[in-house]
Amino acid sequence: MLNQELKDAVVARVLSRVRAPGQYAGGELNVVVQDHSKVAGTLCLAFPDAYSVGMSHHGLHMLLNLMNLHGWAAERVFAPLPDFEAAMRAEGLPLYSLETFTPLSEFDVLGFSLQYEISYTNVLTILDLGRIPLHAEDRSDDDPLVIAGGPSAQNPELLAPFIDLFVMGDGEPSLPVVCDQWQALKGSGLSRAEKLARIAGSVNWAYVPRFYQPVYNDDGAIASILPTRDDVPAAIKPCVIQDLEGSPLPTRPVVPYSETAHDRIAIEIMRGCPWQCRFCQSTVIKRPIRYRKVETIVAAALETYRNTGYDEISLLSLSSSDYPEFERLVTRMSEVFTPLGVKISLPSLRITETLKKIPALLQEGGRSGLTLAPEVARDDMRTQIRKPINNQDLYDGAAEAFRRGWRRVKLYFMCGLPGERPVDLDGIVEMAETIARIGKDVTGRWGEVTAAVSNFIPKPHTPYQWNGMKPKEYFRWAHKYLKSRVRVRSVTLKLHDVERSMLEGVLTRGDRRVALALEEAWRRGARLDAWTEHFRPGLWWKTFNDLGIDVKSYRERERPIEEVLGWDHIQIKYGRDYLAKEQTRSVVQLGAMADAL
């Protein structure tokens, strides 16, 4: 089913003119190419960022594998870099899938994986360059069904004009259902709207924005978001896969020929997190906790290694050290893969007493670094954000890692949390420098420590969703203050870009009114905003100003508990009452922190 004519045109007229042409050429190792005439339907999975980022995302490979096994032809597309987009437009060529060079407009379903809000302009680029009408209401029966899911779909309103249907929750059980239903309705004589209504009315986790209408108060706050017809659910709930063990892991993932962010095998060992940190959206939307067996993980990792040749395996979860058989898993992985020269990485470790055992379990520690997320450094702030960890466990784990030949430690922190004080910023630097000194005490050389500091953004469906974000001036001051406190040369601060955080704060909490600005910014040239070389903050601020969007109201305004939020019709497992209770407790603890100083 290869579209040879389009491929020849791209190869002859475009690829020689662009940077990293391999990311647009397809034909990689393990790619699955199916005859479109012999499958149940065709699906193109769209990752709205560059190939180098999207190909490193485990979820993409998982869904690609799932739908190919389900009898569909599942293919891939990524956001083009500006040079490729410009060349394709100049040549009058449509964006296509990498497997068969099929134009996106010819697929039955186009599915977006929304991992972060900063990528939203890339969604519009993919739609437009793929020759699919930008607005859902303008699509005909011949156009693909455009769906979206992922963490950023938890507030779907900003993309509501552009997406036909949002899938809430886990993709494994939901994606096949939506695709099969859409295909079954072909030739039914129903209009596009009625087909969407049939799907939305048959489940409680499919959100079709055209069937819901926001109502606003006189002050501009949302009064309600109500369904406009009786056959769709008033509230949308997440779809949950109960048997994670029974969900097949992608053991023949596509191996790229060009450089990607993470060239390694990724194995999801569990989904969900036992902790309830107030800042974390993932721990709320990924409930309940589900696990894979040790034997399943090891076998899948070994098969994937044989099918790819990667020399690193990453064990993925929100909190890997909370896996119930963590020590047995890591020991078994090390036994199997160390003799093969394959490194085991644990990118998401919780700081507990178990931490100091990890360097011994991973026998090849000298070639790796330790990555941890203390988030904050003081105990009272930890109580406030509800992340109960112990500094001594962190220091003991670092000492053991240095003792066994590890040289680097990376720490993730946040600044701008509710109630943050200068002493909390002091604590970030003090913790990083303490670990560097531990390295010197243990090995005679200073430990290399990187403290990566992100700017806190209150996310939907967290207890902090009613909080405002700190203003730009605060973050600039906090960054300058942190830099001034560093005294140890082996400690490096990496501070997240303030302008990008400011934009994310608007997009994260935006509604359909902000969607107008999103489209206008895209039309004015906003592209790949997560990339420093392409991000143009001035374009965004001028667009918001020209369209009368009060960005500070969206980003920095404190909301009363009783206010209706733009995503309240999207429900989570424990519900809004749980979040409100946690917000109230946080306010009490903030008062106690202030009284203690």
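Helices, taken as H or I runs of at least four residues, and strands, taken as E runs of at least two, are DSSP runs numbered from the N terminus. In this predicted model, Pro288 falls in the loop between helix 8 (282-285) and strand 11 (290-291). The peptide bond that joins Arg287 and Pro288 is cis, with omega at about 0 degrees.

Ala20, in the loop between helix 1 (4-13) and strand 1 (42-47), has a positive phi of about 50 degrees although it is not a glycine. Asn30 is likewise found in the loop between helix 1 and strand 1, and its phi is near 75 degrees, a positive value in a residue other than glycine. As to accessibility, Ala20 has a relative value of 35% and counts as partly exposed, whereas Asn30, with a relative accessible area of 11%, is buried.

## Helix packing

Two packed helices are described by the angle between their axes and the distance between the axes.

| Helix pair | Axis distance | Crossing angle |
|---|---|---|
| Helix 4 (residues 82-91) and helix 5 (residues 120-129) | within 12 Å | roughly 25 degrees |
| Helix 16 (residues 498-509) and helix 18 (residues 537-546) | 10 Å | about 40 degrees |
| Helix 6 (residues 171-184) and helix 7 (residues 192-202) | within 10 Å | roughly 140 degrees |

For helix 4 and helix 5, whose axes cross at roughly 25 degrees, the arrangement is roughly parallel, because angles under 35 degrees count as such. Helix 4 passes helix 5 in a left-handed crossing. On the side of helix 4 the contact involves Glu85, Met88 and Arg89, and these meet Thr125, Asp128 and Leu129 in helix 5. Sorted by class, the contact of helix 4 with helix 5 has two nonpolar, one polar and three charged residues.

Helix 16 and helix 18 pack at an angle of about 40 degrees, which makes helix 16 oblique to helix 18. Their crossing is left-handed. Here Glu499, Met502, Leu503, Val506 and Leu507 of helix 16 meet Pro537, Trp540, Trp541 and Phe544 of helix 18. By class, the contact of helix 16 with helix 18 has eight nonpolar residues, no polar residues and one charged residue.

Helix 6 passes helix 7 in a right-handed crossing. Val178, Gln181 and Trp182 of helix 6 make the contact together with Arg192, Lys195, Leu196, Arg198, Ile199 and Ser202 of helix 7. The contact of helix 6 with helix 7 has, by class, four nonpolar, two polar and three charged residues.

## Salt bridges

Across the whole structure, a search finds 48 salt bridges. One of them joins the side chains of Glu99 and Arg76, with an N to O distance of 2.6 Å. This pair links distant parts of the chain, since Glu99 lies in the loop between helix 4 and strand 3 (109-113) and Arg76 in strand 2 (residues 73-78), 23 residues apart. Glu99 is buried, with a relative accessible area of 7%, and Arg76 is also buried, with a relative accessible area of 0%; both values meet the cut-off, because buried means under 20% relative accessible area.

A further salt bridge is formed by Arg421 with Asp380, where the closest N and O atoms are 2.9 Å apart. This pair, too, links distant parts of the chain: Arg421 is in the loop between strand 15 (408-415) and helix 14 (422-443), Asp380 is in helix 12 (residues 379-385), and the two are 41 residues apart. Arg421 is buried, at a relative accessible area of 9%, whereas Asp380 is partly exposed, at 22%.

Glu400 and Arg404 also meet through their side chains in a salt bridge, at 2.8 Å from N to O. In this pair Glu400 counts as buried at 16% relative accessibility, while Arg404 counts as partly exposed at 45%. Elsewhere, salt bridges that share partners join Asp170, Glu172, Glu268, Arg271, Arg290 and Arg292 into one network.

Terms used:
Residues numbered from 1 in each chain as written. Predicted model: local features only at pLDDT ≥ 70, side-chain atom pairs only at ≥ 80, totals over all residues. Heavy atoms only, no water. Axes fitted to C-alpha atoms, helices over the stretch in contact; angles between N-to-C directions. Parallel < 35°, antiparallel > 145°, perpendicular 65-115°, else oblique. Left-handed = near helix turned anticlockwise from the far one by under 90°. Contact = heavy atoms within 4.5 Å. Nonpolar A, V, L, I, M, F, W, Y, C, P; charged D, E, K, R; others polar. Salt bridge = Lys/Arg side-chain N within 4 Å of Asp/Glu carboxyl O. Buried < 20%, exposed > 50% of the residue type's maximum accessible area, 1.4 Å probe, protein only.
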